[in-house]
Amino acid sequence: MAELMARMAEIAVSRHEGDVLVALGLGSCIGVALLDRASLVAGLAHVVLPESRPGSTTPGKFADTAVPELLRQMAGLGATKGRLHAVLVGGAQMFAASAGGALDIGRRNEQAVRTALAVAGIPVTTTLTGGGAGRTMRVHVGSGLVTCKQAGSQEETIATRDAGRLRAAA
């Protein structure tokens, strides 16, 4: 088993049964997992900010560039867009002073990711977002299970490859 890390602004993809895609420390960042219902192909992006700026060279950093890049990399492994669904984790409000304002990066990141996924025609089937605690997200490529561990809590399975929702999308 190999753990493939999606660190801040990174994307990890796989179609190998023993791989686990991991995004650690999702605070205001969003972990965007895409799973292909009919193959082992899965991907995970660790999105840091909502919108790119001209000349940005790190597509995984921004919601508007991370989703298309994640789709491109997964298509290279054989994923089909029509079979994909998304699981979102993160988007916490880490600083009380930013509640509801322009500095509420977690909320803005989630909205930007949802917009990018809607443009691509990818349904969001499961979310575990908001709140004020950091989370770790794991995508088990072989089983298609997506797990989440919130700071101070046990790790729990939140979604499956078949889009069998264990948590409703908010």
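1. Five strands form an open sheet in the order 2-5-4-6-7, with mixed pairing. Strands here are DSSP runs of E of at least two residues and helices are runs of H or I of at least four residues, both numbered from the N terminus; two strands pair if DSSP finds at least two bridges between them. The edges are strand 2 (11–14) and strand 7 (124–129), each of which pairs on one side only.

2. The model is predicted: local features need pLDDT of at least 70, side-chain atom pairs count only at pLDDT 80 or more, and totals for chains, interfaces and linings use all residues. Residues are numbered from 1 along each chain as its sequence is written, and side-chain values use heavy atoms, with hydrogens and water left out.

3. Strand 6 (residues 84–90) runs parallel to strand 7, and five bridges join them. Within strand 7, Thr 126 is the residue opposite Val 87.

4. Helix 2 (residues 105–120) lies across strand 4 (30–36), strand 5 (42–47), strand 6 and strand 7, contact meaning heavy atoms within 4.5 Å. Its angle to strand 4 is about 25°, taken between N-to-C directions on a scale from 0 to 180 degrees, with axes fitted to C-alpha atoms, for helices over the stretch in contact.

5. The disulfide count is zero, a disulfide being a pair of cysteine sulfur atoms within 2.5 Å.

6. Cys 29 is buried at 6% relative accessible area, and Cys 148 is buried at 2% (buried is under 20%, exposed over 50%, partly exposed in between; 1.4 Å probe, protein chains only).
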